[in-house]
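Could you walk me through this model, step by step?

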Amino acid sequence: MANVKFSDFAVRTTVPTVDYIVGYQGAANIQIAPTDFLGDYLPLAGGTMIGDVVYNDSVKAKFGTGADSELYHTGSHLFFDNAIGTSYIRNTAAGGTGILLRNSVIGDIQFDNEFAGNILFNTSNVERMRIDLDGNVGIAVDNPEARLQVNEIPQAGGSTTTAPSLAHFVGSTAPSTVNGFATLKLEYPAGATPGDAGAQIMFTQGYHSGDPDNTQPVGSLRGYRTGADTQYGGGLQLTYQPDALPLGLVPGITLDGDGTVTIGTGTVAAANAAADDFVITGPGTTATGITISNTSDSGVGTIFFGDTTSSAAAGFRYDHNTGDMSVSAEDDINFTCDNATFAGNVIIHDSSNAPYIDFVEDAATTDSKARITMDQVDTDNGTLIFSTEGAGTLTNALTINQTGIVQVNPTNASTGGIVNSYRAAISVSTSAIAISNPATYGGLASVWVNSAGNIAHDLVSYSLSGIDVVASQPISGAAAARTYTAVSGVLKVAMAAGTYDVYATETRVSLT
Amino acid sequence: MAITWVAKICSGMDVVEKIKFIKQGIDDDGNKVMASAVYVPSTDDSYKLRSEWSASEIDAIADKLSNDLDEAITAQGGK
């Protein structure tokens with residue numbers, strides 16, 4: 001026990017009822033001796049406590065003249081109540097660890113703003129993050145419009161969104177093309193091997209209408225590595241969950257490191273390597289294709305080919321209104337195919353009024369070997385000219401003029417027009433065999449019969465049932481006798497003996 | 001009226017160059033329907049004189065092509 005100096009006590013003529021000495025339990029207004037004190041005493045002004053002060057349950061240590069603050073324990077909970085001004089827990093100690101809020105038993109640490117108000121987090125005496133009264137978390141923004149809003153530049157007040165969203169990232173710096181600023185960066189430190197998938201945003205949706213907690217993946221967007229180890233290169237993959245396959249996302253669209261976009265997972269044949277920027281590969285025998293459509297029967301669908309120097313549009317255009325398809329080019333259009341089939345009309349026009357179709361020997365040259373030309377006579381008349389190359393020059397071989405007259409070899413006066421008709425042999429013996437197609441009226445047939453060099457030639461005029469041999473001449477050997485008949489416009493011949501190869505070329509007259 | 005033979009004509013100045021056979025029928029409207037056939041002699045017979053062709057020889061040829069002529073007439077409605 002410490003010594004008590006009586007000089008510490010003043011002589012009082014009256015004893016206030018509120019004055020008392022802590023630890024003294026003797027009678028009032030008597031002279032006291034040090035032995036009257038049971039333990040340490042608390043000086044009323046100044047001094048230092050050198051022992052514990054014990055407050056019983058719910059006994060409060062009160063601060064301030066009006067009990068502005070109270071510190072007490074109920075036996076179950078500790079309370080520090082402040083009724084005036086701001087409550088501070090302030091640390092000014094240098095060299096320490098600052099303020100440590102620690103819970104050393106299992107349980108939560110709660111920041112409970114009981115009424116409508118925010119919870120703020122500051123550094124450098126500046127607000128950095130807050131949880132607002134609606135539960136939205138804002139970083140560098142004091143009015144978050146999303147459950148999580150992150151602003152690059154601190155923003156006070158105002159709305160940055162038109163509708164609430166779950167997460168909102170507001171960048172104020174232009175996105176970097178290298179490993180610099182990004183509004184949102186997803187990083188996957190592994191995956192350096194070509195073909196490796198990287199960081200992923202996965203989309204899941206309800207799997208069972210009766211179980212809202214059961215969601216399954218429907219697709220994702222993920223990084224995709226294509227460059228070799230220690231080399232740059234990569235792109236993105238858009239994955240999907242197939243309808244008919246086991247659970248597991250598979251690549252649907254891949255953008256790789258050379259800018260190629262591939263739909264599906266197939267590879268491109270080497271022969272098509274020059275056209276592999278956009279590839280569609282269907283699985284197995286499934287048909288593939290591209291459809292360009294719109295929601296009405298108007299407008300134009302276009303596949304356009306452009307470059308830095310083209311002055312005219314080249315491409316394919318489909319007019320949804322008329323149904324017309326246009327193929328245009330700045331210069332020639334060349335088709336290379338086994339067969340071309342047109343199920344409708346083919347219209348060829350040219351500003352020269354003499355459009356033509358050229359036939360060339362191969363794709364490496366434009367040297368025409370034959371040409372079909374429409375030569376316009378005037379606005380109401382045109383001719384069709386078939387030209388073939390002879391001695392390096394295209395020559396008019398056949399012309400059909402505007403009145404239907406056919407001119408063979410019209411520009412070669414020395415040879416004139418020659419019409420040859422070749423037909424495979426028909427084997428004829430003593431039974432009558434048809435050697436012509438049916439004519440609706442009749443015809444003139446040039447008939448050549450041959451058996452082992454026994455050859456004769458007959459010029460036969462025939463109608464539906466009538467017939468005559470206009471001329472007949474033996475050619476070589478001793479050709480057998482033959483009989484010609486016409487049955488329903490079909491020319492028949494029967495040999496009197498032997499079997500002959502018969503070649504018939506006929507000009508038929510048909511009624512329109 | 002049945003289909004009947006109309007003519008068997010040998011053509012040529014001295015030699016027979018061809019022999020024409022003609023048959024005739026009548027259709028339902030009463031019109032004549034005719035059909036013909038032409039026989040071209042063999043090279044060996046190309047210089048055979050008219051007098052050297054016998055009637056039986058010509059009739060034998062006619063018999064062979066008669067059915068074809070009947071068919072041609074029938075196809076046009078003759079009978």
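**A walk through the strands and a helix**

Strand E21 (residues 393–400) of chain A pairs with E22(A) in the antiparallel sense, over three bridges. Here helices (H or I, at least four residues) and strands (E, at least two) are DSSP runs, numbered from the N terminus, and two strands pair if DSSP finds at least two bridges between them. In E22(A), A:Val406 is the bridge partner of A:Ile400.

Before going on, a word on the model: it is predicted, local features need pLDDT of at least 70, side-chain atom pairs count only at pLDDT 80 or more, and totals for chains, interfaces and linings use all residues. Residues are numbered from 1 along each chain as its sequence is written, while chains are lettered from A and ligands numbered from 1 in the order in which they are written.

Now step back to the sheet around that pair. It is an open sheet of five strands in chain A, with the order E18-E19-E20-E21-E22 and antiparallel pairing. Strand E18 (356–360) and strand E22 (406–408) of chain A are its edge strands, each pairing on one side only.

Chain A also has an open sheet of six strands, ordered E9-E10-E11-E12-E13-E14, with mixed pairing. Strand E9 (197–208) and strand E14 (278–280) of chain A each have a single partner strand, so one side of each is left without a neighbour in the sheet. E9(A) runs antiparallel to strand E10 (residues 211–225) of chain A, and nine bridges join the two. One of the partners in E10(A) is A:Tyr224, which bridges to A:Ala197.

Let us turn to chain B. Its helix H1 (residues 55–75) has 21 residues, which at 1.5 Å a residue should span 30 Å, and the end C-alpha atoms are 29 Å apart, which agrees; the expected span is 1.5 Å times one less than the number of residues. After H1(B) comes B:Gly77, with a positive phi near 95 degrees.

Where do the chains meet? The contact takes 24 residues from chain B and 24 residues from chain A, two residues being in contact if their C-beta atoms, placed from the backbone, lie within 7 Å. On the side of chain B that touches chain A, the elements giving two or more residues are E2, E3 and H1 of chain B.
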